[in-house]
Amino acid sequence: MRRKVLIDTDTASDDAVALIMALRSPLVEVVAITVVAGNVPLEQATQNALFTVELCGSAVPVYAGAAKPLQRELEPATWFHGMDGLGDCGYAPAARKAEAAHAVDAIVAAAREHPGLEVITLGPLTNLALALEREPGIVANISRCVVMGGAACCEGNVTPAAEFNIWVDPEAARAVFLSGLPIEMVGWELSRHDAVLNESDIAAVMALGTPLAEFAIDCNGRAREAYLEQTGEHGISLPDPIAMAVLLHPELVLESSEHFVEIETKSELTRGMTVVDRLNVVGDVRNKRVWSEARSREKKKTKVCWRLDVVAWKKLLWESLR
């Protein structure tokens, strides 16, 4: 039996590739795609999700959700993904429309209907935070929550301290990380260095000669430029597809450990920082007060992924785009 999965996404270029991986996988059934504002405004992110679903020939329902963070104005990443989120390639709008129901309602309904549901978040955590606020009991029905977000004990990609998805809505991220969900944190650092699609990898994908392969490379054209500007590294970095690979094949994580994780919400300097208790010191007298909320979730520490099987990840991507 295929595992039931719900995908929450702020659909831009790397999200689209992740959606393709899930929709083409024989291992999972995507029961819903919920959309949140993040990389691009909500309407554009929803359109991008619908376009990608159509490209895959899928009938999975798509639901639009939160148009802004819980307490802040939206600051999108159009500078990275292009104004339309898909590299400004001029793709025609999808014929399909989003469902009438709100994404938050869809998340609650899916969790109730499918005990053991696996959730993966590819954008800000606004929709999931709102769903948990409305119905905290859904935590018991969610068997995994893979979060593409954060920067575990390293630099961020939008500020020196923070990764974009967490930074956009840190209040939502904190609510989700403290909710008791079985979170697997796949930080943006796993998509760097050897995991980046280099020139040879890009040529290999294009050589597949399929519409999906061409789309995966073309829609990430602006992201490829932006990644070079941002890091000085050549190639296409794909954080969301890597998180999807972890959801589909947990064995691709070669090293992980469980820790308390807190999210910074008050500081301008470190807004959205994912503070990982890697040395397990939050029980010390000097940390007890500040970490009291996180420590109260003793049985639900966050599983932090540290190292990825890069060869297997790229092989899975190739298979998804054939």
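Predicted model: local features only at pLDDT ≥ 70, side-chain atom pairs only at ≥ 80, totals over all residues.
I started with Cys89, which counts as partly exposed because its relative accessibility is 36% (buried is under 20% relative accessible area, exposed over 50%, partly exposed in between, with a 1.4 Å probe and protein chains only). Residues are numbered from 1 along each chain as its sequence is written, and side-chain values use heavy atoms, with hydrogens and water left out.

**Cysteines**

Which cysteine sulfur is closest to that of Cys89? I got Cys219, at 7.0 Å, so the pair is too far apart for a bond. A disulfide here is a pair of cysteine sulfur atoms within 2.5 Å. I searched the whole structure and found zero disulfides. Cys56 is in no disulfide either, and its nearest cysteine sulfur, again in Cys219, is 11 Å away. Cys56 is partly exposed, since its relative accessible area is 23%.

**Thr34**

Buried or exposed? I have Thr34 down as buried, because its relative accessibility is 0%. Thr34 sits in strand E2, residues 28-35 (strands are DSSP runs of E, at least two residues; helices are runs of H or I, at least four; both are numbered from the N terminus). I then listed its contacts (heavy atoms within 4.5 Å), leaving aside neighbours within four places in sequence: Leu6, Ile7, Asp8, Thr9, Tyr63, Ala103, Ala106, Ile107 and Asn127.

**Pocket**

I ran a 1 Å grid over the protein atoms alone: a cavity is a set of points where a 1.4 Å probe fits but cannot get out, a pocket is an open set with protein on both sides within 12 Å along at least five of seven lines, and lining residues have an atom within 4 Å of a point. The largest pocket has a volume of about 290 Å³. Its lining includes Arg174, Lys266, Arg289 and Trp291. Strand E8 (261-263) and helix H12 (292-295) each give that lining at least two residues.

**Cavities**

How many cavities of 30 Å³ or more are there? I count three. The largest cavity holds about 250 Å³ of space. Its lining has 22 residues, with Asp14, Phe80, His81, Asn157 and Pro239 nearest the centre. Among the elements supplying at least two lining residues each are helix H1 (13-23), helix H3 (78-81) and helix H11 (239-248).

Notes
Points joined across faces, edges and corners; volume = space filled by probe spheres on them.
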